Amino acid sequence: MRAATHTAALREDGGNDRPNNIISYPEQIKPMSDPTRSLTFPPDFVWGVSTSAFQIEGAAKLDGKGPSIWDRFCEQPGVIADASNGDIACDHYHRWADDLDLIRDLGVDAYRFSICWPRVQPMGHGAWNEKGLDFYERLIDGMLARGLQAHATLNHWDLPQGLQDQGGWHARSTVDHFVEYALMIQRRFGDRLSSIVTHNEPWVAAMLGHHQGIFAPGIKDEAHAIQVSHHLLLSHGRAVQALRAEGTQAKLGIVLNLAPMHPATHSEADRAKARLEDGKLLRWYTDPLCHGHYPADVLAALGDKAPVVHAGDMDDIRQPIDFLGVNYYSRSVQSADGHWDPKAAGKEVSEMGWEVYPAGLTELLQRLHRDYPMLPSLWITENGGAFPDPWVGGQVQDEARVRYLQDHIAAVRIAIDSGVPVGAYMVWSLMDNFEWASGYEKRFGIVHVDYATQQRTLKDSALWYRAFLQRQHQGA
Ligand code: FCB
């Protein structure tokens, strides 16, 4: 049952004590058919849940944290759908211990989280913030104490504003600052991290942040965005080299947002558009990472907007990685004469308007393995959806999300059966959180968050995932 609501006062210090946190565990979910019922995965396959710092932590101004570009961006009128920000979010900064209990109780192997750079280094250069480092110390040790693998992402978009003031990712100097930051995290926590991801979705950070301007830092300049993407890739490669030189035991990788690009029709124009968009989204990142060069067709299309590349950069970017993280939500359909709307085409869509298309995950994994066989392992680092969350008798019956997860996990299994080395699957997201420009209006959690009380309630999708994982751990 949904427990009585309770408003826990938000604490002003970053202490260790737990605020009252009510977690409600409903009984069981509505019975439905399940395509994963008889599926088994390799015993070492890693199951997890994902979050990111800005989206859940809150405590935006506590304990010496510096502002990030997202803190600053949210201050601009009109950029966030519900005019909200990350000041409190899920108050995870104070509720981390209960949240980790919740994650453990789901029965996952792994928790993918991100480190807020300006919490540990307020300006992004210069002084480190011990209180911020202590927070991640508590969090990582808390994971290990609960038997959870800790998977850290260094950059899930919340660049220190102090670095933005010096040009942000457009400035080559940010690459060096990022490497220093990566080394600090390795020295403090590397012995306890199962993996370190350099960047989450560099395409989004570069293009939505610096071309479309709908994400922080809100710049609208394509050439600027392309240069940003180059510096993100370069900082990835340099950080990987530095972490290896430091003898890290953590597996190293990068996370890309990827989607198969399908032409809307068989016309030559639509096919050419799909091919170019595939170049911009996928090959722009995977070609440098795996082959050490940018795709020629995209470079040609960019013309004088191509990035400034120094001698040695491409070799620096092409570093062996232990895994490629894949964030998969949907396919993309490209039409030469404009926008293709899945809803108008009668497709099932999530609340983000993204088509539900599980077969695209199989297709994408097979294509990555075919075109980039040097990638030793592909991890699904995010998959999930924003769907309606109807409350029925004290439960969140999010049937559409349950089906989405089942069908996508089944799609992963098909890829594995065809020989693709998939090593992990992590649901986006553990709990409802700040969904960037959509604010709190879009809910991706398998755990519901009541933002007025910070109460967490397992949705049917969480109960289903827990039951699925129990079967996996028993060998199904
Ligand atoms: C991805 C982001 C993640 C979340 C999901 C819905 O692009 O990595 O933070 O917002 O989309």
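The model is predicted: local features need pLDDT of at least 70 and side-chain atom pairs 80 or more, while totals for chains, interfaces and linings use all residues. Numbering runs from 1 along each chain as its sequence is written, and side-chain values use heavy atoms, without hydrogens and water.

The side chain of E435 places an N or O atom 2.7 Å from a ligand oxygen. For the N200 side chain, the distance to a ligand oxygen is 2.9 Å. W436 has a polar side-chain atom 2.9 Å from a ligand oxygen. Taken alone, the ligand exposes 290 Å², and the protein buries 95% of that (Shrake-Rupley, 1.4 Å probe).

Next, switch to cartoon. Helices (H or I, at least four residues) and strands (E, at least two) are DSSP runs, numbered from the N terminus. Trace the barrel: eight strands close in the order β2-β3-β4-β5-β6-β8-β10-β13, with parallel pairing. Strands pair if DSSP finds at least two bridges between them. Neighbouring strands of this sheet are turned by 25 degrees on average, direction ignored.

Zoom in on β4 (149-155) and β5 (195-200). Four bridges join these parallel strands. Pick N155: H199 of β5 stands opposite.

Helix α5 (130-145) lies across β3 (110-114) and β4, at about 170 degrees to β3. Helix α7 (173-189) touches β4 and β5, and its direction makes about 160 degrees with that of β4. Contact means heavy atoms within 4.5 Å; axes are lines fitted to C-alpha atoms, for helices over the stretch in contact, with angles from 0 to 180 degrees between N-to-C directions.

Finish with the backbone. Most residues other than glycine have a negative phi, and most peptide bonds are trans. Select A216 and P217: their bond is cis, omega about 5 degrees. P217 sits in the loop between α8 (202-210) and α9 (222-245). Go to W428 and S429 for another cis bond, omega near 10 degrees. S429 is in the loop between β13 (422-428) and β14 (447-450). Last, A59: phi is positive, about 50 degrees, though this residue is not a glycine.

Notes: A polar contact is a pair of N or O atoms within 3.5 Å; within protein, one must be able to donate a hydrogen and the other to accept it, and residues adjacent in sequence count only if both atoms are side-chain atoms.
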